[in-house]
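Trainee: Could we go through this structure together? I would like to understand the terms as we meet them.

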Amino acid sequence: MNKEIENVQILILAAGKSTRMKSDEPKALAMLRGKPFLQHIIDTLKTLNLTIEPVIVIGHKKERVLEVLGSGHKYATQHEQLGTGHAVESAKEVLHPEYKTLLVLSTDQPLVSKETIINLLHIHETKKATVTLATVVLPDFEEWRIGMLHFGRIIRDENGNVSKIIEFKDATEEQRNITEVNPALYVFDAEWLWKNISNIQNQNVQGEYYLTDLIKMAFDQGEKVEAVPVSNIHEGLQPNTKEELETLEKITV
């Protein structure tokens with residue numbers, strides 16, 4: 001048993017649509033190398049020897065996810081598409097209350113590796129952090145990296161500490177020039193998370209409840225926030241269009 005993953009529950013956010021893919025299928029069922037995004041993630045998690053099975057949050061066309069993935073998984077339902085914060089909160093009653101660490105990832109991260117997950121959990125545990133997040137540091141947004149242009153930006157204070165994440169649509173021009181971006185992979189102290197998640201507001205361009213708002217909340221409360229750059233930046237790719245998916249296919253051959 002890997003010590004890094006004891007007392008850890010994993011939550012996969014898989015309730016979204018594939019609007020920009022021009023598909024009516026859930027984003028979780030977009031195909032990469034002949035396999036749905038969600039199946040790539042599940043297969044990676046199977047290599048971790050988890051003590052408790054992951055929970056998958058489904059919503060849009062959830063019957064299709066069940067049809068493709070089967071009923072042999074643990075599911076929670078997000079009944080309305082109100083953002084990532086709302087998606088996590090939708091799973092609260094399904095998650096095991098005694099597991100003190102919650103790792104959250106998204107269905108459109110098919111390349112996330114076992115090594116990245118273990119490293120993130122290890123740093124979270126050894127640093128005794130309240131929130132630990134992965135980041136991707138890019139040289140620029142050219143060529144295949146254009147797919148990360150619309151990612152949230154990592155904002156650091158004068159001491160280099162992560163103070164918040166600004167979503168691209170809410171960012172200023174100066175903030176959009178930041179090349180450290182958010183691949184949406186987080187580890188939370190579960191007790192702190194459930195105390196604070198209901199305080200997320202939807203005062204943003206999307207009118208959604210962003211999970212990323214918890215980073216600023218933790219920072220403002222003086223809680224420990226750790227950031228871990230992903231060594232292989234390809235893992236951060238989250239294709240939203242058919243063109244971006246074609247790029248990912250080429251990169252991962």
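Mentor: Gladly, and we can begin with the inside: a search of the whole structure finds 1 cavity of 30 Å³ or more. This is a predicted model, where local features need pLDDT of at least 70, side-chain atom pairs count only at pLDDT 80 or more, and totals for chains, interfaces and linings use all residues. Residues are numbered from 1 along each chain as its sequence is written, and side-chain values use heavy atoms, leaving out hydrogens and water.

Trainee: What makes something a cavity rather than a pocket?

Mentor: On a 1 Å grid over the protein atoms alone, a cavity is a set of points where a 1.4 Å probe fits but cannot get out, whereas a pocket is an open set with protein on both sides within 12 Å along at least five of seven lines. The largest cavity has a volume of about 60 Å³, and the largest pocket about 1,300 Å³. Of the 37 residues lining that pocket, Thr84, Asp108, Gln206, Glu208 and Asn240 are the closest to its centre.

Trainee: Which residues line the largest cavity?

Mentor: Lining residues have an atom within 4 Å of a point. Here they are Gln109, Val112, Thr116, Pro183, Leu185, Val230, Glu235, Gly236 and Gln238.

Trainee: Why are Tyr186 and Phe188 called a tilted pair?

Mentor: Rings of Phe, Tyr and Trp (its six-membered ring) pair if their centres lie within 6.5 Å; planes under 30 degrees apart count as stacked, over 60 as edge-to-face and the rest as tilted. The search finds 1 aromatic pair. The centres of Tyr186 and Phe188 are 5.9 Å apart and the planes stand at 35°, so the pair is tilted. Both residues are also buried (under 20% relative accessible area with a 1.4 Å probe, protein chains only).

Trainee: Where does Phe188 stand in the strand pairing?

Mentor: Phe188 is in S11, opposite Val131. Strand S7 (residues 131-137) and S11 run antiparallel and are joined by 3 bridges. S11 (residues 186-189) also pairs with strand S6 (residues 101-106) in the antiparallel sense, over 4 bridges.

Trainee: How do you know that these count as pairs?

Mentor: Two strands pair if DSSP finds at least two bridges between them, and strands themselves are DSSP runs (E, at least two residues). With 4 bridges, S6 and S11 qualify, and with 3, S7 and S11 do too.

How values were computed
Grid points are joined across faces, edges and corners, and a volume is the space filled by probe spheres set on the points. Buried means under 20% relative accessible area, exposed over 50%, partly exposed in between (1.4 Å probe, protein chains only).
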